[in-house]
Amino acid sequence: MQQFDVVILGAGFGGSLTALLLDRIGLSVALIDRGRHPRFSIGESSTPIAGYLLKSLSEEYDLPQFQPFCKYGTWQQRYPDLACGIKRGFSYFSHEPNQNFQAKLEHGSELLVTANHSDLLADTHWYRADVDHFFAEEVQKSNVVYLDQTEVNLKRSDEWSIRGERLGDRVDIRAAFLIDATGAAGMVPEALRIERKTDFQTNSRAVYGHFENVTPWSEILNQKQVDQSDYPFDCDSAALHHVLREGWMWQLRFNNGITSTGFVLESDQNEVSAEQIWGELLNRYPSIYSQFNGASIIAPESGLCITNRLQRGWKECAGENWALLPHTAGFIDPLHSTGIAHTLCGIERLVELFKNYWRQNEFTEALAAYSESMQSELALIDELVSCCYRTLNHFDLFTVSTLFYFAAVTSFEHLRCLEGDRPLFLCADDAGLKQAISDWLVLVSRIQLEGDCDSDEIKLAVFKAEQLLKPWNRVGLFHTRSSNMYHYTAAPESEPR
């Protein structure tokens with residue numbers, strides 16, 4: 001039998017990084033995974049604050065090998081063989097069913113929001129098969145005990161008993177503390193019979209896969225003679241969103257020829273197959289169909305993935321001798337690319353608890369605060385995403401709904417990067433911001449219930465939104481001269497040397 005201070009279940013990048021950080025502060029750590037790397041995974045789009053958090057963690061805990069992942073330029077320079085994609089920001093294009101994409105006056109069907117000044121400073125899309133594998137290999141170079149291809153059962157008393165089998169050999173481990181990084185599997189809350197959360201505002205599901213030979217959206221726009229001269233960046237060098245009546249589609253392009261893409265749709269009904277849903281949606285939106293004429297799915301090997309309702313969570317996220325990383329604590333929707341940054345934010349907070357309070361009386365109280373922070377952050381993400389779904393049929397209002405997210409994230413970036421403050425993720429502990437988002441959600445929910453609204457009502461709603469967000473509008477959102485083309489929104493930074 002082996003004894004550890006901490007055992008972590010799940011060797012995605014979050015579990016691996018947490019293991020390395022805990023090892024750095026002197027704890028004995030084991031990392032256990034039921035599978036093996038490399039493997040297909042989604043959740044790939046990074047953001048400026050994710051880069052900042054990873055840089056901060058790698059500096060504080062002396063893990064310089066991870067710093068190049070913070071920006072596209074340094075990634076390409078240091079790890080050219082690890083696939084990734086360039087992400088200059090977010091791009092959105094609104095479609096009507098059974099019609100080709102139509103560009104409207106003053107970019108009325110387009111929105112581009114820039115996150116960084118240049119390609120060198122760009123964020124990235126993480127090709128998770130490569131990145132997660134790299135993180136796991138770094139674990140194997142450390143003092144952490146790494147067990148992949150391992151099936152275990154959990155039993156909790158004063159400590160955790162973790163028993164199972166690895167490649168025919170018995171596994172028998174004891175741990176003083178258990179961290180769950182298994183995501184949707186939720187092994188720890190399942191073992192503890194924690195109650196699931198069900199009170200979500202958002203209700204969506206997804207159909208997705210990795211494709212090759214997807215025609216860039218900019219080429220389709222060129223074919224339709226859509227003017228892109230005042231775009232702040234190449235619209236494909238982004239988290240590209242096609243905004244539909246039924247939901248939206250993501251496209252994330254990697255530099256190995258692969259594009260991660262999926263439809264995220266309102267409702268949680270799975271009456272038909274993934275292939276039928278995919279085919280029907282491409283046929284309904286002919287301009288998107290043009291992108292996939294000649295494309296083929298290459299991962300996973302089983303074909304398109306389809307989910308039930310994406311929204312999930314637990315009513316407790318930590319206890320006396322256990323804790324959940326953010327992606328295990330809950331998930332809302334990929335719309336705002338919050339996954340990587342939220343995971344890093346949670347890792348930072350949890351490792352600090354170990355650093356400051358391990359084996360001390362304050363540890364249990366600190367874990368309770370960690371649990372509450374997860375609930376607050378997920379609730380805020382839920383409302384931000386739900387606002388966008390409520391406004392799918394009115395792109396002007398959908399655009400404003402995205403600005404509530406950009407106000408929250410840029411406020412968080414400024415507080416962390418420029419002012420040295422430590423708010424919760426997306427400023428989820430800012431009561432005023434939370435109230436502004438809730439007020440907007442109430443307003444757009446009413447408009448959605450009423451059905452069609454005229455231009456005057458839309459203008460009034462936009463004006464109301466601008467007033468609500470004034471205290472957090474640090475980057476010129478709603479600027480009348482931008483015409484939905486935002487040329488820079490993130491906290492200042494310099495070119496890498």
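**A word before the close-ups.** Angles under 35 degrees count as roughly parallel, and angles over 145 as roughly antiparallel. Keep in mind that what you're looking at is a predicted model. Two packed helices are described by the angle between their axes and the distance between those axes, and both views below go through these.

**Close-up A. Helix H2 crosses helix H10 at roughly 30°.** Here you can follow H2 (residues 48-60) and H10 (residues 339-357), whose axes come within 8 Å. With a crossing of roughly 30°, H2 and H10 are therefore roughly parallel to each other. The handedness of this crossing is left-handed. On the H2 side, look for Ile 49, Ala 50, Leu 53, Leu 54, Ser 56, Leu 57 and Glu 60. H10 answers with Ile 340, Ala 341, Leu 344, Cys 345, Glu 348 and Lys 355. Sort the residues of this contact by class and you get 9 nonpolar, 1 polar and 3 charged.

**Close-up B. Helix H12 meets helix H13 at a crossing of roughly 165°.** This time the pair is H12 (residues 395-417) and H13 (residues 431-450), with axes that come within 11 Å. The angle is over 145, so H12 and H13 are roughly antiparallel to each other. H12 goes past H13 in a left-handed crossing. From H12, the contact takes in Leu 397, Val 400, Ser 401, Phe 404 and Ala 408. From H13 come Leu 433, Ala 436, Ile 437, Trp 440 and Ile 447. Between H12 and H13, the contact holds 9 nonpolar residues, 1 polar residue and no charged ones.

Terms used:
Residues are numbered from 1 along each chain as its sequence is written. This is a predicted model: local features need pLDDT of at least 70, side-chain atom pairs count only at pLDDT 80 or more; totals for chains, interfaces and linings use all residues. Side-chain values use heavy atoms; hydrogens and water are left out. Axes are lines fitted to C-alpha atoms, for helices over the stretch in contact, and angles run from 0 to 180 degrees between N-to-C directions. Helices (H or I, at least four residues) and strands (E, at least two) are DSSP runs, numbered from the N terminus. Angles under 35 degrees count as roughly parallel, over 145 as roughly antiparallel, 65 to 115 as roughly perpendicular and the rest as oblique. A crossing is left-handed if the near helix is turned anticlockwise from the far one by less than a right angle, and right-handed if clockwise. Contact means heavy atoms within 4.5 Å. Ala, Val, Leu, Ile, Met, Phe, Trp, Tyr, Cys and Pro count as nonpolar, Asp, Glu, Lys and Arg as charged, and the others, Gly among them, as polar.
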